[in-house]
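Me: I'd like to go through a structure with you, a few spots at a time. Have a look at this one.

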Amino acid sequence: MMNTIYAFPLRYPFLALLFFLPALPAEGQGAHVTLADAQVTNDSLYLSLKMDLSSVRPNSRTCVHFTPILANARGGRLELPPVLVSGRRRYRFDRREWALNTNGRTHRAEPYLIQLCKRRSAPRPVSYHIGVPYSVWMGDAILLLRQEVKDCCDLQLLGVDTISMRLFTEQMIEQQTAPVRYPVSTQQPILMQQPVSVQQTIPVQYVEPLVATPSVTYPVTYSVRDVELYTSMLSFLEPTVEHDKKLDEKAVFYIDYPLGSDNILPDYRNNRTELQKLDSLLFPFSAGDYSSMEHIRVCGYASPDGPYIDNERLAGSRARFFASYICNACGIPRSRIETTCVAEDWEGLSALLQSEQPLYAAAALSIIQNVGVFNGREKQLMDLRGGQPYRDMLRHFFPRLRRLEVSVRWNIRAVSAGEAYKLIYTHPEWLSLAEMYGVARYYRPGTEQYREVYEIAAYRFPEDVVANINASSAVMLTGDVKSARVYLQRVESDPRSWNNLGVLALIEGKPGEAEDWFRKAVGVEPQKARQNLQQLQHIPVTERKLQDKSHAVEDQIRSVQDKGGTR
């Protein structure tokens, strides 16, 4: 894998636009950087870069910073230690600044390497090797290079260029489908790893450097033996296999029309911005072979003002014209597009009145609910309180009711483990529960990456019992009992959650309560529940009673405090 960029020492801020542009051809002076290798091993990402800095010649008073950055389109970002090429005077100034710690505003990572630029010799090539904790968002990250220069006080941006638009090849992803196994005999805690450089030889000593490391909300504190034990005790349920995956997408369009026309004019008023919604709505249509379109439905809505027959004609005509526009602009057969209309959108008006609650909301809603459309409903609204509420609805509510709603149904094909690995952070809505859980095989139980997969699944399927129970299992393996209880409370009435409720009670130090849950779970998961009851036998009866009594006292004190706080 050889991806190359060429960095140029130009002093213009607009070069930041190069953030998402491919590499530039080699012309003139600059740094020549290539990505030699990227691989994931033991939950860490290892990168190897080759840096040819021979054309970088700062003067004695300047220092050039080259900072590799991992980033993706959803906000994931990690800055790696920079390589510095410094002039001798600049280095002396900076060393004095570091010692005095006068520049507290800048919190940067310790440099990977500092090269002092000599007058008659070029900087040496740099073999940059580093390992950082791997997160799922890095699967579709790009590798950037930020270039800055310091010649007096602050760093000035030269540009941000793309080293590689893709870290991994399909072959590397497919080779990682087998789970990583660790020997149970390992006794060290599973802690969040700090970024570890494979090559940490820095010829210049920093004074108390500030190292930027990724933040973790829930640190892992279990030993490997604990994780193995709890993994065997927890329930990981198999989801129902989805033979037909359906995806429904919807968008609302507010189109402006010239007087007397129902045709779609893209350049009229704000229509161009509204029509851009079609790109995201129909994105699966052009996103490879993951999906096929079943149908499109276009529904035109009109506001209640005016004659009913005119409103019905207007809403239907605009729906048909919009369907024709989709057919011509997107190349979709007209036979796949259905049209319908709502002549007067009283339901939409009621929803707006209930959500925004103007002073006349109760009176207007009473008329809408008790007077028929053809029995003078609009006339009574026009007469309400001298007509002021009706005039306010004409200005603020009726224009929002005149719209087009477009819904698309997609048929999503089954995907491989390698495809699911790439889609889970970009388009999780295209994946079934079983396909998401296939991604978890890439990671070791108890790691943040393993947890992320199950929490994404629970977020995507919030009402699914299996998704919530499995998410509770994954977060318990990281020691996060608070989140585990949230997931289990959603499905506490389902007997399949009883075993995990027992494990949760055991982790919280309530073996008596855990035993009650395990005995209830014997009728649901007999083998696992009996195994967990056997694990409880290793806790002496006296110790169990003391723990339960202690927690009962804590609960009583907490209850008294809560009551005292509400008085």
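Me: Where does Q357 lie?
Reply: This is a predicted model. In it, Q357 sits in the loop between α7 (346-356) and α8 (361-370).

Me: What is the phi of Q357?
Reply: Positive, about 50°, although Q357 is not a glycine.

Me: Ok, and R269, what about phi there?
Reply: R269 is a residue other than glycine with a positive phi, near 50°. Its place is the loop between β11 (245-253) and α4 (271-275).

Me: Is R269 buried or exposed?
Reply: Exposed, because its relative accessible area is 65% and the cut-off for exposed is over 50%.

Me: Switching to aromatics. How many aromatic pairs are there?
Reply: The count comes to 12. One of the pairs is Y450 with Y454: the ring centres are 5.0 Å apart and the planes are at 50°, so this pair is tilted.

Me: Why are Y450 and Y454 about one helical turn apart?
Reply: Because they are four residues apart in helix α14, which covers residues 448-460.

Me: Buried or exposed, those two?
Reply: Both Y450 and Y454 are buried. They also belong to a cluster linked by ring pairs, together with F236 and Y437.

Me: Now charge. Which residues form the positive surface patch?
Reply: R61, R88, R89, R92, R95, R96, K118 and R124.

Me: Where is the place of R61?
Reply: In the loop between β3 (44-52) and β4 (63-71). R61 counts as partly exposed because its relative accessibility is 44%.

Key. Residues numbered from 1 in each chain as written. Predicted model: local features only at pLDDT ≥ 70, side-chain atom pairs only at ≥ 80, totals over all residues. Heavy atoms only, no water. Patch = residues over 30% accessible without salt bridge, like charges linked within 9 Å, V, L, I, M, F, W, Y side chains within 5 Å. Areas by Shrake-Rupley, 256 points an atom, 1.4 Å probe, with all protein chains shown as cover. Salt bridge = Lys/Arg side-chain N within 4 Å of Asp/Glu carboxyl O. Lys, Arg positive; Asp, Glu negative; His and termini not counted. Charge placed at Lys NZ, Arg CZ, Asp CG, Glu CD. Helix = DSSP H or I, 4+ residues; strand = E, 2+ residues; numbered from the N terminus. Buried < 20%, exposed > 50% of the residue type's maximum accessible area, 1.4 Å probe, protein only. Phe/Tyr/Trp six-rings, centres within 6.5 Å; stacked < 30°, edge-to-face > 60°.
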